[in-house]
Amino acid sequence: MTHIVLVRHGQSTWNLEHRLQGQTMHVPLTDLGRAQAEQAARRVVELVAPGTAVISSDQLRAVQTAEPIARALGVAVTTDARLREQALGRMEGKLSEELTPEPAPPGIDVADVRWGGGES
């Protein structure tokens, strides 16, 4: 049986600032985020066998979260760009309070809108 354990990255500096991250690559974890990653590592080793693969987005905050988990399992982190967060276009880096409501274009499902020029 295959087990897949999903772990969201720890708190990043942009989470703390209420900035939209999207596919911005360089956003690091805060001290709290690093502590969360260590906590996640302690939990993951209870769920999977040593040597289990650890695959992460190549974004800094994701890699910094995956590293303690990989270390605890005795493996290296494998990165995959396909695991990046949704691209948010020109909204990336903006504070949440800087965002303005935009109506969905007529006849287009809200899930298909490329908000801020990012991914639908």
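Helices (H or I, at least four residues) and strands (E, at least two) are DSSP runs, numbered from the N terminus. This is a predicted model, in which local features need pLDDT of at least 70, side-chain atom pairs count only at pLDDT 80 or more, and totals for chains, interfaces and linings use all residues. Residues are numbered from 1 along each chain as its sequence is written, and side-chain values use heavy atoms, with hydrogens and water left out.

**Figure 1. Elements of the protein chain.** The protein chain has 3 helices and 2 strands. From the N terminus on, their order is α-α-β-α-β. Along the principal axes, the C-alpha atoms fill a box of roughly 50 × 35 × 20 Å. Of the 120 residues, 33% count as buried (buried means under 20% relative accessible area, exposed over 50%, partly exposed in between; 1.4 Å probe, protein chains only). M1 lies in the segment before α1. M1 is exposed, at 91% relative accessibility. The C-alpha atoms of M1 and W115 are separated by 39 Å, and the two residues are 114 apart along the chain.

**Figure 2. The largest pocket.** A pocket is defined on a 1 Å grid over the protein atoms alone, as an open set of points where a 1.4 Å probe fits, with protein on both sides within 12 Å along at least five of seven lines; lining residues have an atom within 4 Å of a point. The largest pocket has a volume of about 650 Å³. Of its 24 lining residues, V5, L6, V7, I55 and S56 are the closest to the centre. Grid points are joined across faces, edges and corners, and the volume is the space filled by probe spheres set on the points. Helix α3 (60-73) and strand β1 (54-56) each supply at least two lining residues. The largest share, 5 residues, comes from α3. By class, the lining has 14 nonpolar, 7 polar and 3 charged residues. Here Ala, Val, Leu, Ile, Met, Phe, Trp, Tyr, Cys and Pro count as nonpolar, Asp, Glu, Lys and Arg as charged, and the others, Gly among them, as polar.

Figure 3. The structure holds 7 salt bridges (a side-chain nitrogen of Lys or Arg within 4 Å of a carboxyl oxygen of Asp or Glu). One of them pairs E38 with R71, with the closest N and O atoms 3.4 Å apart. E38 sits in helix α2 and R71 in helix α3, 33 residues apart, so the pair links distant parts of the chain. E38 is partly exposed, with a relative accessible area of 35%. R71 is exposed, at 56%.

Figure 4. The side chains of D58 and R84 meet in a salt bridge of 2.7 Å, N to O. D58 lies in the loop between β1 and α3 and R84 in the segment after β2, so this pair ties together parts that are 26 residues apart in sequence. D58 is partly exposed, at 24% relative accessibility. R84 is partly exposed too, at 29%. R82 and D80 also meet in a salt bridge of 2.7 Å, N to O. R82 is exposed, with a relative accessible area of 72%, whereas D80 counts as buried, at 19%.

Figure 5. H18 is found in the loop between α1 and α2. H18 has a positive phi of about 65° although it is not a glycine. H18 is exposed, with a relative accessible area of 52%. P101 lies in the segment after β2 and is exposed, at 81%. P101 and H18 are 83 residues apart in sequence and 17 Å apart in space, C-alpha to C-alpha.
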